[in-house]
Amino acid sequence: MATYTISRERTMAKCISCRKEVDDQLEECPHCGASMTEPIVQEKPHCGTPSTGSK
Ligand SMILES: [Zn+2]
């Protein structure tokens, strides 16, 4: 039996858009041009509306 030892040194990431394997180091997918980096989640500013006992 031949044992194939696949040594994956490269980190392949999957494009979330086209689902193709894309080099993890790339920031954009070379196939569809989608951004490989996770979308930056902007923190929502806290609603500065203190409910001051308005009953
Ligand atoms: Zn893609």
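Glu-27 touches Ser-35, Met-36 and Thr-37, once residues up to four places away in sequence are set aside. This is a predicted model, and in it Glu-27 lies in the segment after E2. The protein chain has zero helices and two strands, and buried residues make up 4% of its 55 residues.

- The C-alpha atoms of Glu-27 and Thr-37 are separated by 6.0 Å, with the two residues 10 apart along the chain.
- Glu-27 counts as exposed because it has 9 C-beta neighbours inside 10 Å, and the cut-off for exposed is 12 or fewer.
- Glu-28 is also found in the segment after E2.
- Beyond residues up to four places away in sequence, Glu-28 touches Gly-33, Ala-34, Ser-35 and Met-36.
- Ser-35 and Met-36 are among the residues touched by Glu-27 and are likewise among those touched by Glu-28.
- Glu-28 has 13 other C-beta atoms within 10 Å and is therefore partly exposed.
- From C-alpha to C-alpha, Glu-28 and Cys-15 are 8.8 Å apart in space, while in sequence they are 13 residues apart.

**Val-22, in strand E2**
- Strand E2 covers residues 21-23, and Val-22 is placed in it.
- Val-22 is buried because 22 other C-beta atoms lie within 10 Å, where 20 or more are required.
- Leaving aside neighbours within four places in sequence, the contacts of Val-22 include Met-12, Ala-13, Lys-14 and Cys-15.
- Val-22 and Thr-11 are 11 residues apart along the chain, and their C-alpha atoms are separated by 8.8 Å.

- Arg-19 is not a glycine, yet its phi is positive, at about 65°.
- Most residues other than glycine have a negative phi.
- Arg-19 counts as exposed because it has 11 C-beta neighbours inside 10 Å.

**Contact range in the chain**
- Among contacts between residues at least 6 apart in sequence, 0% join residues at least 24 apart.

Notes:
Residues numbered from 1 in each chain as written. Predicted model: local features only at pLDDT ≥ 70, side-chain atom pairs only at ≥ 80, totals over all residues. Helix = DSSP H or I, 4+ residues; strand = E, 2+ residues; numbered from the N terminus. Contact = placed C-beta atoms within 7 Å.
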